[in-house]
Amino acid sequence: MAISEGSGPEETTAPGAPAIEPFITEDELQSRVGELADEIARDYRRLGVTPEKPLHMIGVLKGVVPFMADWWAQMPTIVQLAEVSASG
């Protein structure tokens, strides 16, 4: 799904397909990611996150890398990232 900056519905590339109304704007998404980063940092700060004892975040879902990159950029603490994939 396309994410816009509140400019209205974005057109899809499929011929004859209807326009898609964004569920959330890019600004709203970035704001919420920042709120989550602050919440997580606050919760884990009391556990003594340091360069020697970083917070580890593991992304499991397909497509999690763009979210984790945005989240990581806004984290005010030290974080190590990893992503895993699983098939069944």
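Predicted model: local features only at pLDDT ≥ 70, side-chain atom pairs only at ≥ 80, totals over all residues.
Trainee: Is Asp27 buried or exposed?

Mentor: Asp27 is found in helix α1. Its relative accessible area is 51%. The cut-off for exposed is over 50%. So Asp27 counts as exposed.

Trainee: Which element of the protein chain has the lowest mean pLDDT?

Mentor: The protein chain averages a pLDDT of 78, and 84% of the residues score at least 70. Among the elements, α1 has the highest mean, 90. The lowest mean is 74, for residues 79–83. That element is strand β2.

Trainee: How many Å apart in space are Val65 and Leu81, C-alpha to C-alpha?

Mentor: Val65 lies in helix α2, residues 64–74. Val65 is partly exposed, with a relative accessible area of 47%. Val65 and Leu81 are 16 residues apart in sequence. In space, the C-alpha to C-alpha distance is 9.5 Å.

Trainee: What accessible area do the residues of the nonpolar patch have together?

Mentor: The patch lies on the surface and is formed by Ile58, Val60, Leu61 and Val84. Val84 lies in the segment after β2. Together, the four patch residues have an accessible area of about 410 Å².

Trainee: What is the relative accessible area of Val84?

Mentor: Val84 is one of the residues of the nonpolar patch. Exposed needs over 50%, and buried means under 20%. Val84 is partly exposed because its value falls in between, at 43%.

Key. Residues numbered from 1 in each chain as written. Heavy atoms only, no water. Helix = DSSP H or I, 4+ residues; strand = E, 2+ residues; numbered from the N terminus. Buried < 20%, exposed > 50% of the residue type's maximum accessible area, 1.4 Å probe, protein only. pLDDT = per-residue confidence, 0-100. Patch = residues over 30% accessible without salt bridge, like charges linked within 9 Å, V, L, I, M, F, W, Y side chains within 5 Å. Areas by Shrake-Rupley, 256 points an atom, 1.4 Å probe, with all protein chains shown as cover. Salt bridge = Lys/Arg side-chain N within 4 Å of Asp/Glu carboxyl O.
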